[in-house]
Amino acid sequence: MIRRVISISVGLCAFTSAFSGLSATNSIVPGQNVLGRIETVAQTNYYEFLGVSNQVITAFLAESTLTAGHPMIALYDPDGNQIGSEAGNVYAGATLLERRLLQNGTYQLRIHDDGGNELFDYGL
């Protein structure tokens with residue numbers, strides 16, 4: 001069973017396809033639930049959204065079944081700098097990331113396994 005698990009407060013853009021299995025960049029919008037898959041070792045899935053300075057985003061990632069220990073979410077600002085990351089901080093198989101954005105522009109969420117060696121299906 002896949003849990004419906006995203007809450008991005010404001011400013012995300014539209015997802016291209018569920019279970020793409022590719023490392024292409026997808027867009028996402030606030031409140032949208034997406035399904036994804038990490039199906040190769042060291043794979044990273046990318047999601048972009050438009051953010052506004054002082055906006056708070058919340059992203060929740062959960063595995064559909066516990067096949068990886070700590071799924072990771074990393075947040076990158078419009079300049080490509082990592083400004084936050086979390087891995088398995090809710091419980092094994094689930095991760096919550098919440099940050100206040102400091103500038104306007106296109107932000108990116110990156111989803112991957114914390115060790116880069118486990119495969120899993122997820123809801124974001």
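**View 1. Val90 in the loop between β7 and β8.** In this predicted model, Val90 lies in the loop that links β7 to β8 (94-100); strands are DSSP runs of E, at least two residues long, numbered from the N terminus. Val90 is partly exposed, with a relative accessible area of 38% (buried means under 20%, exposed over 50%, partly exposed in between, with a 1.4 Å probe and protein chains only).

View 2. Ala74 has Ser85 of β7 as its bridge partner. The hairpin has 5 residues between the strands, and Gly80 takes a positive phi near 85 degrees there.

**View 3. Gln108 in strand β9.** Gln108 belongs to strand β9 (residues 105-113) and is buried, with a relative accessible area of 12%. Its side chain makes a polar contact with the side chain of Arg110 at 2.6 Å (a pair of N or O atoms within 3.5 Å; within protein, one must be able to donate a hydrogen and the other to accept it, and residues adjacent in sequence count only if both atoms are side-chain atoms). Leaving aside residues up to four places away in sequence, Gln108 touches several residues, including Tyr46, Phe49 and Ala74; contact means heavy atoms within 4.5 Å.

**Notes on the model.** Residues are numbered from 1 along each chain as its sequence is written, and side-chain values use heavy atoms, without hydrogens and water. Local features need pLDDT of at least 70 and side-chain atom pairs count only at pLDDT 80 or more, whereas totals for chains, interfaces and linings use all residues.

Conventions:
Pairing = 2+ DSSP bridges. Helix = DSSP H or I, 4+ residues; strand = E, 2+ residues; numbered from the N terminus.
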